[in-house]
Amino acid sequence: MVTERSGAERRRDADGDGCVFCRIAAGTAPATTVYEDDTLCAFLDIRPIARGHTLVIPKRHAGTLDDLDTALGTRLFSLGHRLAKALRRSALGADGANLLLNDGRSAFQTVHHVHLHVVPRHNGDIRTFTTGFLFRGRVGRRPDPAATAAAIRAGLDRLDAEAPTTPSDTEDKEPHA
Ligand code: 5GP
Ligand code: ZN
């Protein structure tokens, strides 16, 4: 079933008027940045399901996957892939990750600027994960975002220091800030 967006919603989704993720990408709204390049940005979710929950966005506004350039979508996932690998190599000690993209209101997208969730997972974390999912950062100790981001960046550095495992690992590698 296709959910109709109103004309006003479509226009707002298309041009990004008042979009908080556009402001984060432009550096005019605060965020704890994990990674940035010319086209992409990754920052910590303000209400994390788990410590290290990161959002990957294209810097240029796209409301839904319908509005996103396919090549940019590939790069978006590629960065999510790298972050999942970096989380395993970071001091956060992730054993895995959930990568999730909610596309459209029918899919529970609440911020209408395309974003890929990268949520670190640990073996046996079902209870803390479920609590985090239900309460979204409202319970428990709030981990220090600066230290969390630094740990993920160190994981990216470790990943970059490893010998490439496939030819595309070298071809696709992005320079990062
Ligand atoms: P969605 O449901 O659209 O897939 O997820 C939107 C995500 O964006 C939520 O996980 C929410 O916590 C996060 N979020 C909403 N506003 C902000 C913000 O201003 N800054 C950051 N860092 N995350 C936000
Ligand atoms: Zn936007």
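Student: What should I know about numbering and confidence before we start?
Tutor: Residues are numbered from 1 along each chain as its sequence is written, and chains are lettered from A and ligands numbered from 1 in the order in which they are written. The model is predicted: local features need pLDDT of at least 70 and side-chain atom pairs count only at pLDDT 80 or more, while totals for chains, interfaces and linings use all residues.

Student: Which order do the strands of the sheet have?
Tutor: The five strands form an open sheet in the order β1-β2-β3-β5-β4, with antiparallel pairing. Strands (E, at least two residues) and helices (H or I, at least four) are DSSP runs numbered from the N terminus, and two strands pair if DSSP finds at least two bridges between them.

Student: And which are the edge strands?
Tutor: β1 (33-36) and β4 (96-100), each of which pairs on one side only. Neighbouring strands are turned by 20° against each other on average, direction ignored. Angles run from 0 to 180 degrees between N-to-C directions, and axes are lines fitted to C-alpha atoms, for helices over the stretch in contact.

Student: How many bridges join β3 to β2, and to β5?
Tutor: Strand β3 (residues 54-58) pairs with β2 (residues 40-44) over five bridges, and three bridges join β3 to β5 (residues 116-121). Both pairings are antiparallel. Thr54 in β3 stands opposite Leu44, and Leu55 has His117 in β5 as its bridge partner.

Student: Is β3 buried or exposed?
Tutor: Five of its five residues are buried, so β3 is largely enclosed by the rest of the structure. Buried is 20 or more other C-beta atoms within 10 Å of the residue's own, exposed is 12 or fewer, and partly exposed is in between, with C-beta atoms placed from the backbone. Thr54, Val56 and Pro58 lie on one side of β3, Leu55 and Ile57 on the other.

Student: What does Leu55 touch?
Tutor: Not counting residues up to four places away in sequence, Leu55 touches Ala42, Phe43, Asp45, His115 and His117. Contact is C-beta atoms, placed from the backbone, within 7 Å. Leu55 counts as buried because it has 23 C-beta neighbours inside 10 Å.

Student: Changing topic, how do α3 and α5 pack?
Tutor: α3 (residues 70-89) and α5 (residues 145-161) pack at about 100°, with axes 7 Å apart. That makes α3 roughly perpendicular to α5, a term for angles of 65 to 115 degrees.

Student: Which residues meet there?
Tutor: Arg82, Leu83, Lys85, Ala86, Leu87 and Arg89 in α3 meet Ile152, Gly155, Leu156, Arg158 and Leu159 in α5. They divide into six nonpolar, one polar and four charged. Ala, Val, Leu, Ile, Met, Phe, Trp, Tyr, Cys and Pro count as nonpolar, Asp, Glu, Lys and Arg as charged, and the others, Gly among them, as polar.

Student: What about α4, how many of its residues are buried?
Tutor: One of the ten residues of α4 (residues 126-135), so to speak hardly covered. Arg136 follows α4 and has a positive phi, near 45°.

Student: Last one, which residues come nearest to ligand 1?
Tutor: Ile46, Arg47, Asn102, Thr110 and Val111, out of 13 residues around ligand 1. Near is a C-beta atom, placed from the backbone, within 6 Å. The shell has eight nonpolar, three polar and two charged residues.

Conventions. Parallel < 35°, antiparallel > 145°, perpendicular 65-115°, else oblique. Contact = placed C-beta atoms within 7 Å.
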